[in-house]
Amino acid sequence: MSQDEKPGWFGRLFGRKGATEAPEPPADSPASPAEGQPDFATGADDVAHVPLPPAEPSPVDPARNAVPDATEGADLQPIEGEPETPPAGTAGDDPAHGAGPADATTVAREPATGTETETETGAAASAPDIQPVDVAASLAHDAVNDAAPAEAEPEKRGWWTRLTSGMKRTSSALSDRVTGLFTKRKLDANTLEDLEDALIQADFGVETATRISEAVGKGRYEKGISPDEVRAILATEVERALEPVAKPLVIDAAKKPFVVLMIGVNGAGKTTTLGKLSLSLKAEGRSVMLAAGDTFRAAAIEQLKVWGARTGTPVVSGAQGADAAGLAFDALKRAKADGTDVLLIDTAGRLQNKAGLMAELEKIIRVLRKSDPEAPHATLLVLDATVGQNALSQVELFSKAAPVSGLVMTKLDGTARGGILIALAAKFGLPVHFIGVGEGVDDLEPFAARDFARAIAGLEKG
C-alpha cells in the first residue's frame, strides 16, 4: 500500500501500533467480519455510512456475511425505549473525540456465557440465552443497598411537652401583649384595661378577663409589676376557673354496654376523637365496639374501619346514605349480644342552626332509648378550638337537641385563641373530659386544669 493510500476503518480500528499490514485474504477465505478479520474490500466511507445489517447476506459475497452459529436466532433488535446508542469504544463514537464512557441509560446485561461477535456496525451480538436485566428492579435494589442507615426515631415526647408545644400560639400571643403592657410601666387603669382587652381577644370571655384584670391590680395600683408576676396571676386565675369542669369520663361498668354518642359540627374531629378514645379504652382492658353512624360521608365510614383494624375493634357500618338511627339501634343490639363494655357511636357532622339535621340527632337518641331507656349514657360534644366564639353557640344549640354531658376540645394547636375553653367553662359549666393538640394518637389526653393554665400562661410545669 502506498503512503498516500489510507487503510480502511476496520484497519484503523483493529490495527495495532507498529503492526505490519495484513495481506489481503484470498477470495475463498472463510473469514468474515463477524469473526474479527477486517474487510479490506470495503472503504471507510462505506462502513461509516452504509452499514450492512448483520442478518442480511452481502450481495457481493453471501458466504462472507453469513451469520455465525453463535448468534443464530439471537434477538439483535434494539431494546424498546432505549436510545440506539452504540456501546462506548465502537464505530458509533465520534472519531474526533475518541471513545467515551458508556451511556448512563444503557441497559445492563448479564455477562455473556458464549462468544460475543462484533458486527460491522460495532454492535455486540450475544448468545441467545442472554436476557436484559430489569432496569427498574436493578435501580430499586441499588437504592435499597446504597441507602444510608435509617435515623433512629426521636424519643417520644411526654404530654406536657406536646401540650406546651400545641398551646404555643395562644401563650405566645398573650406573652407578647403582657410583656409590652408591663415593661417599664406603672400599673394604672389604662394598663389594666389594655390587659382586659388582650384577654378578651384571646377568647377568655368578658367575665374571666375582668376577674383576671382585677386580680392583677389588687394591691398593686400605681406600682410596678413584672410580666412574670402577671403570668403567674394569669395561671392561678385560669386554673381556678377550670378546676370545677376538669372531670374525667367515667365508664359505669354496671351499664353494659356503656353507650357514648359523639356529636358536633362538620370538621370538628369527631371520628378521629372516637378512634383515639377507643384506643384508650382498649388500653384499659375494656371491650369496645364502634358504630359508623356518619352515613352521609363515605370517608367517615372508611376512616372508622381503619381505626377498628388498628385497634382490633369490631365496627358496625352500613352503606353510605343508610338510616343513621337504624344503624345505631342495630349496633346497640349487637353490642348487647356480644357483651361489649363500651359502644362508641359516631354521627354525621351537622350545623347547629339547621333544624332538620338537629331533628335527626334527636331521632337517633329516641331510637336508642327503645332498646335502653338510659342510652346514650354519655353524649360528648366535640368542639374545634379554631372557631373561637362560635363554640359558645354550638354548645347552646346542641344542648337543646341532645343531652350533652361533656366536652372535648380539639385543635388547640391550630389557634391563638385557646382561651375559648375558659369562656365555655364560665358560661356553661359542662365537664371538659379531653383536649387535643394534634393529629397523633397520643395527642388526645384527659383534661387537667393546672397543666392547661400554666401552658396558656407560658410557664413551666408546676
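Which side chain meets that of K255 in a salt bridge? The views below, taken from a predicted model, begin with this pair.

**View 1. A salt bridge joins K255 and E374.** The side chains of K255 and E374 meet in a salt bridge, with a distance of 3.6 Å from N to O. K255 belongs to the loop between helix 8 (227–242) and strand 3 (258–263), while E374 belongs to the loop between helix 12 (355–371) and strand 7 (378–384); the bridge therefore ties together parts that are 119 residues apart in sequence. K255 counts as partly exposed, because its relative accessibility of 30% falls between the limits of 20% and 50%. E374 is also partly exposed, with a relative accessible area of 47%.

**View 2. K256 forms a salt bridge with D341.** The closest N and O atoms of this pair are 3.3 Å apart. K256 lies in the loop between helix 8 and strand 3, and D341 in the loop between helix 11 (324–338) and strand 6 (342–345), so the bridge links distant parts of the chain, 85 residues apart. K256 is partly exposed, at 49% relative accessible area. D341, at 23%, counts as partly exposed as well. Elsewhere, salt bridges that share partners join R211, E237 and R240 into one network.

**View 3. E445 and R162 form a salt bridge between a strand and a helix.** The closest N and O atoms of E445 and R162 are 3.9 Å apart. E445 is in strand 10 (residues 444–446) and R162 in helix 4 (residues 159–166), and the two residues are 283 residues apart. E445 is partly exposed, with 25% relative accessibility, whereas R162 is buried, because its value of 10% is under 20%. In total, the model contains twelve salt bridges.

View 4. The strands follow the order 5-4-6-3-7-8-9-10, and their pairing is mixed. Strand 5 (315–316) and strand 10 stand at the edges; each has a single partner strand, so one side of each is left without a neighbour in the sheet. Strands of a sheet pair through backbone hydrogen bonds, either parallel or antiparallel. Strand 9 (residues 432–436) and strand 10 are antiparallel and pair over three bridges. In this pairing, G436 has L444 of strand 10 as its bridge partner.

**View 5. Strand 6 pairs with strand 3 and with strand 4.** Strand 3 and strand 6 run parallel and are joined by four bridges; V260 has L344 in strand 6 as its bridge partner. Strand 4 (residues 288–291) is likewise parallel to strand 6 and joined to it by four bridges, with V288 standing opposite V342. Along strand 6, V342 and L344 point one way and L343 and I345 the other way, and all are buried.

**View 6. F447 and F452 form an aromatic pair.** The model holds one aromatic pair. A pair of aromatic rings is described by the distance of the centres and the angle of the planes. For F447 and F452, the centres are 5.6 Å apart and the planes are at 65°, which makes the pair edge-to-face. Both residues count as buried, F447 at 7% relative accessibility and F452 at 0%.

**View 7. R310 lies over the face of W307.** The distance of R310 from the ring centre of W307 is 4.4 Å.

Technical notes:
Residues numbered from 1 in each chain as written. Predicted model: local features only at pLDDT ≥ 70, side-chain atom pairs only at ≥ 80, totals over all residues. Heavy atoms only, no water. Phe/Tyr/Trp six-rings, centres within 6.5 Å; stacked < 30°, edge-to-face > 60°. Buried < 20%, exposed > 50% of the residue type's maximum accessible area, 1.4 Å probe, protein only. Lys NZ or Arg CZ within 6 Å of the ring centre and 35° of its normal. Salt bridge = Lys/Arg side-chain N within 4 Å of Asp/Glu carboxyl O. Pairing = 2+ DSSP bridges.
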